[in-house]
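Biologist: I'd like to learn how to read a model like this one. Could you walk me through it, feature by feature?

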Amino acid sequence: MSSAILLRAEGISKSFPGVKALSNVNFSLRRGEIHSLMGENGAGKSTLIKVLTGVHEKDEGSFYLEGKPISPVSPQDAQRLGISTVYQEINLCENLSVAENIFIGREPKKRGRIDWKEMNCRAERILSERLKINIDVTKILSSYSTAIQQMVAIARAVDISSGVLILDEPTSSLDKNEVKQLFEVMTKLKSEGMGIVFISHFLDQIYEITDRITILRNGEQIGEYVTKEISRSQLVSKMIGREWGKDSNQENKNTRKEVQQVFVSAQNLGRRGMISPLDFTLRKGEILGLAGLLGSGRTEFAKVLFGIEKADQGVLTIDHQQIRNMTPKAAIDKGFSFCPEDRKVEGIVNDLSIRENIILGLQTKRGLFKYIPMNEQREIAQKYIELLNIKTPNMEERIDNLSGGNQQKVILARWLATAPKLLILDEPTRGIDVGSKAEIRKLILDLASQGISILFISAELEEMVACCDRVIVLRDRKKIGELDRTEMSESRIMDMIAEGVPVDET
Amino acid sequence: MKHNFYKITQMKIFWPLVALAVLLLLNLFLLPGFFSIQIKDGHLFGSVIDILNRVMPLLIISLGMTMVIAKEGIDISVGSVLAISGALAAAMMEHTSVWVALLAAVGVGIICGLWNGVLVSVFEIQPMVATLILLTVGRGIAQLITGGQILSIDNSVYQYLGSGFLLGLPFPIFIGAAIFLIMMYLKKRTAMGLFLESIGNNMTASKFAGIQPKKMIILVYTICGVCAAIAGIIVSANVSSADANNAGLWIELDAILAVVIGGTSMRGGRYFLGGTIVGAFFIQTLSTTIYSVGINPQIVMVVKAIVVILVCLFQSQEFRKLFLKFTKKKVSFS
Ligand SMILES: Nc1ncnc2c1ncn2[C@@H]1O[C@H](COP(=O)(O)OP(=O)(O)OP(=O)(O)O)[C@@H](O)[C@H]1O
Ligand SMILES: [Mg+2]
């Protein structure tokens with residue numbers, strides 16, 4: 001193999017107050033390979049990327065690009081060297097158009113002015129040819145779903161890249177189809193001799209696309225492996241630093257007994273433009289899944305149920321009581337809780353500490369004047385930091401200093417702490433590592449067996465089939481069917497979703 | 001030791017305190033007798049006491065403004081509300097009892113605050129524009145109330161609020177302290193602080209967490225309105241008259257400055273009541289100093305502006321870094 005080293009990191013160390021995020025890490029990326037960084041949440045993957053691309057200053061070590069030492073001081077600087085990056089927390093401008101986002105800082109010019117026509121044209125071409133997405137590129141970015149935003153960020157990076165492309169969890173909010181498109185692009189770039197760093201917590205994707213894996217644990221480099229030569233259980237064991245028992249990954253057999261008592265039901269509940277009216281019931285202690293592609297209305301239905309979006313028709317009944325005019329506050333008072341899909345926008349409050357982020361939901365439930373005493377706050381925060389294994393030196397740390405997966409855990413903690421009767425989980429394990437995912441799945445089953453109803457939304461059908469008692473399948477913002485435990489299987493759900501014309505993502 | 005010092009310099013209140021200390025030191029040298037305090041008839045007198053007394057209207061308004069800014073808003077109508085409340089109290093006292101007049105003055109503050117709050121939260125008008133309406137219309141209303149004249153006030157209870165003494169100290173100090181304590185209580189013993197900071201930082205996530213932003217927004221603008229009204233009472237009581245044209249003119253700017261100097265970001269989020277107090281003291285001391293060292297009145301505003309710019313620059317971490325780099329270079333050259 002002509003595996004000339006393209007990019008090399010040597011002895012990289014980086015500390016934050018109270019955490020050694022990287023210690024003496026080596027890493028090398030060859031020309032024409034896709035290389036994965038693997039490790040638990042908080043292992044230091046994103047930090048390595050950020051140090052390499054000049055977001056953070058490194059403490060020690062050096063980087064070499066084609067043998068020459070480099071030390072970019074900013075992402076723009078790194079881009080000039082040919083390293084382009086999609087960071088885990090996408091940093092696009094929400095209120096600029098899609099085209100502007102793709103070309104920001106390098107707008108095509110004509111006679112000294114921005115050539116808008118050319119820009120829109122080229123943006124459209126990049127998106128449709130490379131990633132097979134057809135959208136109106138003149139609309140502002142925030143009018144699109146997280147998945148599309150993710151794809152736009154990728155399109156931008158791919159278009160800029162020359163040499164090295166870094167993708168930090170680019171697939172966390174993508175569906176199978178988009179992932180397929182992305183992989184096609186990556187394969188093509190790889191054949192052109194580019195080096196690609198790819199971070200993901202999905203083992204399937206790692207094995208499908210990568211050539212090599214570098215494992216990090218607690219900021220230390222454990223080793224570099226050829227993907228084909230390492231088994232999944234070996235890989236995970238190395239990541240978590242202990243044996244990965246088969247059983248911890250096994251399907252959790254659903255042994256809960258059925259309860260007949262209905263907790264929530266809806267007749268004809270819907271909102272024009274978001275979700276067509278549908279019926280549903282959810283019993284106590286039942287796990288109900290909402291399956292469907294991105295944009296099929298699964299998130300929209302959850303939002304209507306929780307009162308974020310007002311239903312414009314239909315009846316919602318909670319505990320035999322009809323509810324009109326649902327608002328998030330009313331929903332929380334009724335025992336609902338909603339772990340939203342987009343943690344950056346809808347979840348975390350950056351300025352606040354981990355503790356404050358955890359107790360926020362419980363505090364709104366108790367109300368403005370029943371302030372939770374400080375020691376109770378600390379107890380609650382401590383409890384969930386331990387339960388969910390949130391990696392932080394201190395609960396008073398700002399939440400945006402946590403790694404992506406750990407932020408997700410904080411949001412989950414916020415909603416568990418409200419002691420809900422209905423837990424709506426919209427992609428609750430997004431960005432969470434393999435080990436924690438299994439733990440959280442166990443926790444969800446546990447909660448259900450205590451009588452808590454759960455509405456579960458996930459793009460991972462495997463996870464759905466393993467957990468859910470029943471699944472509602474959505475397509476084109478309509479309910480197209482319902483499967484109970486005996487009828488449920490991944491392929492069956494896939495078939496239902498795929499029947500008829502595919503959904504257009506706009 | 002070094003680490004501890006670093007920690008202290010990182011505290012939001014550190015730089016405003018330094019600025020205030022520098023200013024006070026300057027006064028110590030420039031104005032002999034600045035810190036001396038005399039006792040006359042059991043009342044304390046002196047420049048410091050004077051500053052303490054004079055700053056109160058600004059301080060109270062700044063406290064209200066802090067909460068508005070915490071939620072990423074702004075209220076530029078406070079000066080006009082101050083004028084309305086003073087005018088209304090003065091006008092009503094001619095016919096009714098002082099207590100009714102006081103209630104009416106505070107009531108009008110509530111109404112003005114509600115008005116602003118509803119415009120911002122329900123109609124989602126940008127705070128600057130929404131409060132601009134009351135800024136301009138408010139003075140007109142105040143003039144209508146006073147009939148275009150300066151109303152004089154002749155009521156000893158009312159005057160006491162602005163110029164009386166309690167325990168040797170000017171009474172407004174106690175009003176200011178009470179308001180500060182109430183706001184600290186709201187921040188530390190209720191969820192108000194948490195909710196405001198959450199809304200100011202991430203409105204969408206706050207909605208998802210069940211906070212009702214509209215209610216909170218109306219609440220903070222109302223609090224700010226009440227603060228402005230109370231300041232109006234103090235101002236008019238202090239000079240025993242209500243002047244619709246000039247009372248509280250430009251006070252919104254000083255208040256915003258006090259908040260910013262105190263470390264609260266205009267972008268919303270974390271807010272610092274203690275910092276605001278220091279900020280307000282700084283501005284008042286600066287004005288007093290400038291006047292008493294006899295700087296030409298025509299350039300007073302310029303001097304004030306320069307000092308404020310310096311303070312703001314030193315609050316910025318980026319600037320401090322640049323400054324350090326620059327001074328270090330100089331040192332190594334010499
Ligand atoms: N700006 C920061 N300030 C303080 N600590 C930080 C900061 N950024 C990262 N950390 C800490 O460094 C460690 C490594 O974080 P990093 O984001 O690299 O993890 P990761 O491997 O990307 O995890 P994930 O899979 O959850 O994205 C974590 O313990 C995190 O809390
Ligand atoms: Mg990461």
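Biologist: Let me start with the ligand. Which element gives the most to the shell around ligand 1?

Modeller: Helix α1(A) does, with three residues. Keep in mind as we go that this is a predicted model. The elements giving two or more residues to that shell are β2 (19-30), α1 (45-52) and α15 (404-416) of chain A.

Biologist: Which residues come nearest to ligand 1?

Modeller: A residue joins the shell when one of its heavy atoms lies within 4 Å of the ligand. There are 20 residues around ligand 1, and G42(A), S46(A), T47(A), S403(A) and G405(A) come nearest.

Biologist: How much of ligand 1 does the protein bury?

Modeller: Compare the ligand alone with the ligand in place. Taken alone, ligand 1 exposes 640 Å², and the protein buries 93% of that.

Biologist: Which domains supply the shell around ligand 1?

Modeller: Begin with the domain assignment: chain A has domain 1 (5-240), domain 2 (245-335 + 420-506) and domain 3 (345-419). The shell draws at least three residues from each of domain 1 and domain 3 of chain A.

Biologist: What area is buried between domain 2 and domain 3 of chain A?

Modeller: About 1,300 Å², with carbon and sulfur atoms giving 69% of it. On the domain 2 side, I332(A), P420(A) and L443(A) lose the most area to domain 3, together 38% of what that side buries. In terms of contacts, 19 residues of domain 2 meet 14 residues of domain 3 in chain A. The C-alpha centres of these two domains lie 24 Å apart.

Biologist: How many residues does each chain bring to the contact between chain A and chain B?

Modeller: Chain B brings 25 residues and chain A brings 30. Together the chains bury about 2,100 Å², 67% of it on carbon and sulfur atoms. In chain B, L194(B), F208(B) and R270(B) lose the most area to chain A, together 34% of what that side buries.

Biologist: Can we finish with a single residue? Where is Q159(B) found?

Modeller: Q159(B) sits in helix α8 (residues 156-163) of chain B. To read its surroundings, set aside neighbours within four places in sequence; Q159(B) is then in contact with I153(B), D154(B), G164(B), A237(B) and S240(B). Distance along the chain is another thing to check: Q159(B) and V239(B) are 80 residues apart in sequence, with their C-alpha atoms separated by 8.1 Å.

Technical notes
Residues are numbered from 1 along each chain as its sequence is written. Chains are lettered from A and ligands numbered from 1 in the order in which they are written. This is a predicted model: local features need pLDDT of at least 70, side-chain atom pairs count only at pLDDT 80 or more; totals for chains, interfaces and linings use all residues. Side-chain values use heavy atoms; hydrogens and water are left out. Accessible areas come from the Shrake-Rupley method with a 1.4 Å probe; for residues, only the protein chains shown count as cover. Helices (H or I, at least four residues) and strands (E, at least two) are DSSP runs, numbered from the N terminus. Domain bounds come from an automatic or database domain assignment. Contact means heavy atoms within 4.5 Å. Buried area is the accessible area (1.4 Å probe) that two parts lose on being put together, summed over both.
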